[in-house]
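Q: I am new to this one. Could we go through it together?

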Amino acid sequence: MSTFLTTDQRSLLASVLLEQQALLEAELKLQLGGEDRVTHAREQLLQDTDGETAHEADREVDLARSDATLLALRQVDAALQRLQEPDFGHCADCGAAIAFERLRLSPQVTRCIECQSAAETRGGGAHHATL
């Protein structure tokens, strides 16, 4: 597969990805209170509260948020790696070029609209790392 993206388009996508990366890293740092994930989880477990059930639910929500942020960060990091490849911007399923507007809005996607829709119909939906 050959590249269809111009150098300027690749530069724009790199800028978008680097901005997303910085925002996600800042969000994760805020979520974890500046601690690493293990230390933060331990601190959450050690907190003494009156309502253990409520605290447990809060802890699960907190961990789910940081998991989601970590997943998004991994997707951005992977996209930055793939951006160096000549076939970046081609659908991982069918090989067709992904519309530049789709890439501009979400450069970490790996599927064209049609294949993403088909994956969601099959049950591979938005939870799959290859949006």
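Predicted model: local features only at pLDDT ≥ 70, side-chain atom pairs only at ≥ 80, totals over all residues.

Q: Which residues touch the most other members of the largest nonpolar core?
A: They are Leu5, Leu13, Leu17, Leu83, Phe88, Ile98 and Leu103, in a core of 21 residues. H1, helix H3 (52–82) and helix H4 (100–105) each supply at least two residues of this core. In soluble globular proteins, nonpolar side chains tend to be buried together.

Q: Stepping back, how many helices and strands are there?
A: The protein has five helices and zero strands, giving the pattern α-α-α-α-α along the sequence.

Q: Back to H1, then: which of its residues are buried?
A: The buried residues in H1 are Arg10, Leu13, Ala14, Leu17, Gln20, Gln21, Leu24, Leu28 and Gln31. An α-helix has 3.6 residues a turn, so residues three or four places apart point the same way.

Q: What span should H1 have, and how far apart are its ends?
A: Helix H1 covers residues 7–31, and because each of its 25 residues is taken at 1.5 Å, the span should be 36 Å. The end C-alpha atoms of H1 are 36 Å apart, which agrees.

Q: What comes just after H1?
A: Gly33 does, with a positive phi of about 65 degrees.

How values were computed: Residues numbered from 1 in each chain as written. Heavy atoms only, no water. Helix = DSSP H or I, 4+ residues; strand = E, 2+ residues; numbered from the N terminus. Expected span 1.5 Å × (residues − 1). Buried < 20%, exposed > 50% of the residue type's maximum accessible area, 1.4 Å probe, protein only. Core = buried A, V, L, I, M, F, W, Y, C linked by side-chain atoms within 4.5 Å.
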